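Subject: A structure for you to explore

Hello,

Here is the structure I promised to pass on to you. Please open it beside this email and look up each residue as you read.

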Amino acid sequence: MEHIAFMGLGHMGAPMARRLLTAGHSLTVWNRTPAKADPLVDLGAALATDPAGAVRQADVVITMLADPAALDTVADAVVPALRPGTRWIEMSTVGPDAVRKLAERLGRAVVLVDAPVTGSTDKAAAGELGILAGGDTDGVEHILGRLGRITRTGPLGSGSALKLVLNAAVIGGVALVAEALRLADSLGVDGTTARTALAGSPIGGAVARAFADGVHFDTALAVKDLALATETARLPALEAALDHYRQAAADPALAYADISAAAARIRLA
Ligand SMILES: NC(=O)c1ccc[n+]([C@@H]2O[C@H](COP(=O)([O-])OP(=O)(O)OC[C@H]3O[C@@H](n4cnc5c(N)ncnc54)[C@H](OP(=O)(O)O)[C@@H]3O)[C@@H](O)[C@H]2O)c1
């Protein structure tokens, strides 16, 4: 079985790496904050003390990092250490431009797949993520299949493009739900009644996400996703939503809280 280097052990990366380990894959893990690797090392992962050390013997590299800047930083360290023939599965939400930039740096010796995911920490732990895979997935589908259901989206970058579309709609939808509930509060409509009615309406999925528990998606990451979206196209409604999330993320207590906490703040703001 091939050896995997897994880099980025945050809220999503840690349970994903755990799935691969418990399925019997051979893993070297690296994380900027090394302590987060401890539970995986206890399960049998090898620990790399630097990114280059993680990939030197790897056949497959998986990255699950916060944003394009984090991917850039890791790529700086990793690219010179990759072996020809390595496959790199980029699973973070970084948008198609970052994927294309990484592909240019890698050249032809390394096969890059962009495979960002839908579903949050609960689905990551259960191996039930939605995986939006762009590019040539030959040789890595058996690995991705441990993490969730694969949807082939087309050429390299297409998974990341579709992921941005989905996140813009969902994160924007959560902000709209919060505003709708603020309107209900202003009109004297009972909050539970309003929430139940909205939950049964076409925006019901966003209501569920606005009140979700047992999942964790940082408000700061929502800011990142809406910024990537609004830098790409003229999206006035999403720019307004971005402003809401930026204001929430300016509060240190909310920046690294789930977006449901940001939604509660948007409702009250
Ligand atoms: N959470 C969700 O529900 C969810 C769902 C789908 C997709 N995503 C996407 O998946 C990615 C990871 O999400 P997450 O929730 O796991 O985020 P997270 O908990 O914030 O983890 C981010 C990871 O990136 C690392 N990192 C950040 N900046 C870095 C840098 N400059 N250099 C090296 N490493 C750096 C962090 O290291 P440290 O541990 O040292 O901070 C951590 O390992 C994001 O792109 C997110 O948008 C998240």
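This is a predicted model: local features need pLDDT of at least 70, side-chain atom pairs count only at pLDDT 80 or more; totals for chains, interfaces and linings use all residues.

Where they touch, domain 1 gives 12 residues to the contact and domain 2 gives 13 residues. On the side of domain 1 that touches domain 2 you will find 3 nonpolar, 7 polar and 2 charged residues.

**Around the ligand**

How many residues surround the ligand? There are 26, and the closest are Gly10, Arg32, Thr33, Ala70 and Ser120. Both domains take part in this shell: domain 1 (3–155) and domain 2 (162–268) each supply at least three residues. Helix α4 (residues 68–78) provides the largest share, with 4 residues. Sorted by class, the shell holds 11 nonpolar, 12 polar and 3 charged residues.

Next, find helix α12 (residues 236–249) and helix α14 (residues 259–268), which pack at an angle of about 105 degrees with their axes 10 Å apart. Angles of 65 to 115 degrees count as roughly perpendicular, and α12 and α14 are therefore roughly perpendicular to each other. On the α12 side, the residues that meet α14 are His244, Tyr245 and Ala248, and their partners in α14 are Ala262, Arg265 and Ile266. By class, this contact of α12 with α14 comprises 4 nonpolar residues, 1 polar and 1 charged.

Let us start with valine 41, which you can find in helix α2 (residues 38–42).

Alanine 45 sits in the loop between α2 and β3 (46–47). Because 24 other C-beta atoms lie within 10 Å, alanine 45 is buried. Not counting residues up to four places away in sequence, alanine 45 touches Ala17, Leu21, Leu27, Thr28, Val29 and Leu40. Arginine 100 is 55 residues from alanine 45 in sequence, and their C-alpha atoms are 30 Å apart in space.

Alanine 161 belongs to helix α8 (residues 158–187). A residue is buried if 20 or more other C-beta atoms lie within 10 Å of its own. Alanine 161 has 20 C-beta neighbours inside 10 Å, so it counts as buried. From alanine 161 to isoleucine 171 is 10 residues in sequence and 15 Å in space, C-alpha to C-alpha.

Finally, look at alanine 210 in helix α10 (residues 204–210). What makes alanine 210 count as buried? The reason is its 27 C-beta neighbours inside 10 Å. Which residues is alanine 210 in contact with, leaving aside its neighbours within four places in sequence? They are Val174, Val177, Ala178, Ser260 and Ala263. Glycine 173 is 37 residues away from alanine 210 in sequence, with 8.7 Å between their C-alpha atoms.

Enjoy exploring, and write back with any questions.

Best wishes

Definitions and conventions. Residues are numbered from 1 along each chain as its sequence is written. A residue is near a molecule or strand if its C-beta atom, placed from the backbone, lies within 6 Å of it. Helices (H or I, at least four residues) and strands (E, at least two) are DSSP runs, numbered from the N terminus. Ala, Val, Leu, Ile, Met, Phe, Trp, Tyr, Cys and Pro count as nonpolar, Asp, Glu, Lys and Arg as charged, and the others, Gly among them, as polar. Domain bounds come from an automatic or database domain assignment. Axes are lines fitted to C-alpha atoms, for helices over the stretch in contact, and angles run from 0 to 180 degrees between N-to-C directions. Angles under 35 degrees count as roughly parallel, over 145 as roughly antiparallel, 65 to 115 as roughly perpendicular and the rest as oblique. Two residues are in contact if their C-beta atoms, placed from the backbone, lie within 7 Å. A residue is buried if 20 or more other C-beta atoms lie within 10 Å of its own, exposed if 12 or fewer, and partly exposed in between; C-beta atoms are placed from the backbone.
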